[in-house]
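Hi,

Here is the model I said I'd pass on.

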Amino acid sequence: MCEEARIKGVPYSRSGPGLFVHGPNILLDTSEDIYYQINRSNINEINAVFYSHWHPDHVMGRRILESINADWRNYPPKNKQTNVYLPEQVAVDLNHRLGSGEHLKFFSEQGYIRIHEIKDGDSVWINEIEIQPFRLAEAYVYAFLLKTQEKKVLIALDELHNWKPPQTLQGIDLAVLPIGIFEYHPFTGERLISSEHPVLKEEATFSETLEIIKELNAKKTVLTHIEEMNGLSFDELKEVERQLNKKGLEIRIAYDTFIVEV
């Protein structure tokens, strides 16, 4: 699978988890590959960055905040600034995990970012779109509900384990969710992960994710955060997608550069 990805590139190759929402022009999480991801894209404006949780695959590309804002040529420098929004628990965790809080504080002192903490239950408005973080079952991680008068979009970047969708989210226009761990091969039924593996006590499986999708009953669902450990290539996941569609599930499986319209 990895050899094929090296030869063919996108969409067979995969970089780290991160999503950009056009309209409010916000970036959700900064993967270790985010500099390359943005440079490859047609994104030319980032109004804000939101962090969903402290895990390294979601925060370790945070130096992009310096790269896009620091003015190294002029003196005095004419730095730009990006608003960085931290949900309540994320703000706490970043001060104790991976040096993230200290790193963001340094960027703030240099004038590259403005840090905003969002208390649970509060929202942020950007370009007439309301963005409300809320905790999932694993209390350190947040999903985001984006709302206009006409549309509702749910974005959960990771950690659906034990989460039960509330009725208020049922029937939303779009749900973006992590695909989960493939405990069994989707075609052969072969067990891929030992039943004793501790990851099954921490991460939602693909089967559990499908149950969440059915409860949400969104008009569209996109599955992301596809792990190498699942051992499924782009072509195999396209076949999984086709089989889900045949069952009446409006699901797309994302890939690098994938764009969905709401």
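Let me start with Thr82, which is buried, with a relative accessible area of 2% (buried means under 20%, exposed over 50%, partly exposed in between, using a 1.4 Å probe and protein chains only). Before going on, the ground rules: this is a predicted model, where local features need pLDDT of at least 70, side-chain atom pairs count only at pLDDT 80 or more, and totals for chains, interfaces and linings use all residues. Numbering runs from 1 along each chain as its sequence is written, and side-chain values use heavy atoms, with hydrogens and water left out.

Back to Thr82: you'll find this residue in strand E4 (residues 82-87); helices (H or I, at least four residues) and strands (E, at least two) are DSSP runs, numbered from the N terminus. What does the side chain of Thr82 make a polar contact with? The partner is the side chain of Asn69, at 2.9 Å (a polar contact is a pair of N or O atoms within 3.5 Å; within protein, one must be able to donate a hydrogen and the other to accept it, and residues adjacent in sequence count only if both atoms are side-chain atoms). Setting aside neighbours within four places in sequence, Thr82 also has contacts (heavy atoms within 4.5 Å) with residues including Ile46, Leu65, Ile68, Tyr112 and Arg114.

Next, the second largest pocket. Its lining has 13 residues, and Asn44, Glu45, Ile46, Ile68 and Lys80 are the closest to its centre. Helix H2 (residues 34-40) gives the largest share of that lining, three residues. For the record, a pocket is an open set of points on a 1 Å grid over the protein atoms alone where a 1.4 Å probe fits, with protein on both sides within 12 Å along at least five of seven lines, and lining residues have an atom within 4 Å of a point.

Now the backbone. There is a cis peptide bond between Val10 and Pro11, with omega about 5°, and Pro11 sits in the loop between helix H1 (2-8) and strand E1 (19-21). The bond from Tyr75 to Pro76 is cis too, omega near -5°; Pro76 is in the loop between helix H4 (64-67) and E4.

Asn25, in the loop between E1 and strand E2 (26-28), is buried at 13% relative accessible area. Asn217, in the loop between helix H7 (206-216) and strand E11 (220-224), is exposed at 54%.

Cheers
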